[in-house]
Amino acid sequence: MLFLTPVLVAVLCVVIVWIFKNADRSTERKKEEPRVRAEVHPWVDEDLKDSTDLHQAEEDTDKWQESEEEVEHISFSHTRYPEKEMVTRSQEFYELLNKRRSVRFISNEQIPMEVIDNVIKTAGTAPSGAHTEPWTFVVVKDPDVKHKIREIIEEEEEINYMKRMGQRWVMDLKKLRTNWIKEYLDTAPVLILIFKQVHGFSATGKKKVHYYNEISVSIACGILLAALQNVGLVTVTTTPLNCGPRLRVFLDRPSHEKLLMLLPVGYPSKEATVPDLKRKPLDQILVTV
């Protein structure tokens, strides 16, 4: 029995070493698995990932469209102005946009729909990540639909003002004399709801990645505001907190579209007023290196 003791010790040592080696390999495999999934899953900007789309990490990557073939390039046509004209044009454009204000008193006077078509086409010239054009503009003219949108927004906005936003946010808005009552959603002849598409679809039905979709659509919204100012219409930028899912369902938009902004559009009412706000001077917003 004493003769077997060294043998048993040796066997036990071998078994213990074998167990630890296998445990190490298992740990290494677990560490590598997320890395592999991250490499094969379509590109996502972590800073801009929509929290409603976290389930995408578990989707089969075969559902996603592979990169398309290279696009043909053509000659670029450009208009170059003399420097004096450049200065004049830049000053005139600044003066035009400097008159832009957020107007909450909008007339019910009808506006030409061709103008709305043109300003939305203008917004659609915005740059986008990999030219995915991840925007949908929903134009609402029907009075009943507008009123239902108002009901949804006012219901959520009252909760926002009373509970969700907090006292500091409500106090900051007090000087603007704004609250959860949104009469302009009824009176404005047109509402434009801008949705971002968190992904798209190819002709074969496979999903297409929409890179930087929120930034791309935000740029389009900025161009739209400039286009509306250019034709003499007014609006107020609204981002209805907690209203997006209900409005998406009500307007029968697909689940991959998320509401980014709502613009009531029209002429200002005769009694319209705006806060006497001042914009920051150039030396407070410009840094030259």
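Me: Which residues make the nonpolar surface patch of about 260 Å²?

Reply: The patch is made by Tyr-212, Ile-215 and Ile-219. Patch residues must have over 30% relative accessible area and no salt bridge, with nonpolar side chains (Val, Leu, Ile, Met, Phe, Trp, Tyr) joined within 5 Å and like charges within 9 Å. A salt bridge is a side-chain nitrogen of Lys or Arg within 4 Å of a carboxyl oxygen of Asp or Glu. Areas come from the Shrake-Rupley method with a 1.4 Å probe, and for residues only the protein chains shown count as cover.

The model is predicted: local features need pLDDT of at least 70 and side-chain atom pairs 80 or more, while totals for chains, interfaces and linings use all residues. Residues are numbered from 1 along each chain as its sequence is written, and side-chain values use heavy atoms, without hydrogens and water.

Me: Why does Tyr-212 count as partly exposed?

Reply: Tyr-212 has 38% relative accessibility, and therefore counts as partly exposed (buried is under 20%, exposed over 50%, partly exposed in between; 1.4 Å probe, protein chains only). Tyr-212 sits in the loop between strand S4 (207–209) and helix H7 (213–230). Helices (H or I, at least four residues) and strands (E, at least two) are DSSP runs, numbered from the N terminus.

Me: Why is Arg-150 called buried?

Reply: The relative accessible area of Arg-150 is 15%, so this residue is buried. Arg-150 belongs to helix H4, where the buried residues also include Ile-149 and Ile-153. Leaving aside residues up to four places away in sequence, Arg-150 touches Ile-181, Lys-182, Glu-183, Leu-185 and Asp-186 (contact: heavy atoms within 4.5 Å).

Me: What is the phi of Glu-133?

Reply: Glu-133 has a positive phi of about 45° although it is not a glycine. His-131, another residue other than glycine, has a positive phi near 55°. Most residues other than glycine have a negative phi.
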